[in-house]
Amino acid sequence: KPWDHAPGALFIRESGGVSAYGDGTDYDPRFERTPTPLLVAADLAKRGHQVVLAARSQETLDAAARWITRQGVPETFVHTAVMDASDARSVADAVEDVETTVGPVDVAIHVAGIIEVGPAENTTRGHMEHAMNIMAWGPVNLADAVIARMRKRQRGRFAVVTSIGGM
């Protein structure tokens, strides 16, 4: 099984509103170190932003939300949405849901990644396509879902944090 790392996308409503942590990968609370995007999401929530965590499984989301609330963040500041960054429809649906239920996204940061570790002879084209769907098409999926909305509001930012480690 590949190591899914650096979960997600982080959506932020700068005016004190919305932060969403959207994830093409899964947060595993058994990892020894806390993924940086979760630290960022907790910090933003402590500063009064609503945080929407998104991942491929509700179990993952529940673990991440519990971690954030243990950092002193009120439960009312932490929301969840199931989403897969590699699936354009899933991302679009999640962004629609966030904007409908929590509020508009002013900043979207794609931070999803995956790494396949092993000998080259055991690496298949499927492994590479999976990584590309998350780390190359994932940002495109997120951009497609948020940029038109940002333009309509005449505000917003989009960024990508990635790694070539998985390639």
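S90 sits in helix α3, where helices are DSSP runs of H or I with at least four residues, numbered from the N terminus. The model is a predicted one, so local features need pLDDT of at least 70 and side-chain atom pairs count only at pLDDT 80 or more, while totals for chains, interfaces and linings use all residues. Residues are numbered from 1 along each chain as its sequence is written, and side-chain values use heavy atoms, with hydrogens and water left out.

**S90 up close**
- S90 is buried, with a relative accessible area of 17%; buried means under 20%, exposed over 50% and partly exposed in between, using a 1.4 Å probe and protein chains only.
- Leaving aside residues up to four places away in sequence, S90 touches V82, M83 and D84, where contact means heavy atoms within 4.5 Å.
- The S90 side chain also reaches the backbone nitrogen of D84 at 2.9 Å.

**The helix around S90**
- Helix α3 covers residues 88-101, and its 14 residues should span 20 Å at 1.5 Å a residue, which agrees with end C-alpha atoms 20 Å apart; the expected span is 1.5 Å times one less than the number of residues.
- Buried in α3 are S90, V91, A94, V95, V98 and E99.
- Down the axis of α3, the buried residues fall within an arc of 160°, so they line one face of the helix; the arc is taken from the directions from the helix axis to the C-beta atoms.
- Exposed residues R89, T100 and T101 are on the face of α3 turned away from its buried side.

**The ends of α3**
- D87 caps the N-terminal end, with a side-chain oxygen 3.0 Å from the backbone nitrogen of R89.
- G103 follows α3 and has a positive phi, near 140°.

Notes
Helix = DSSP H or I, 4+ residues; strand = E, 2+ residues; numbered from the N terminus. Polar contact = N/O pair within 3.5 Å; in protein donor to acceptor, adjacent residues only side chain to side chain.
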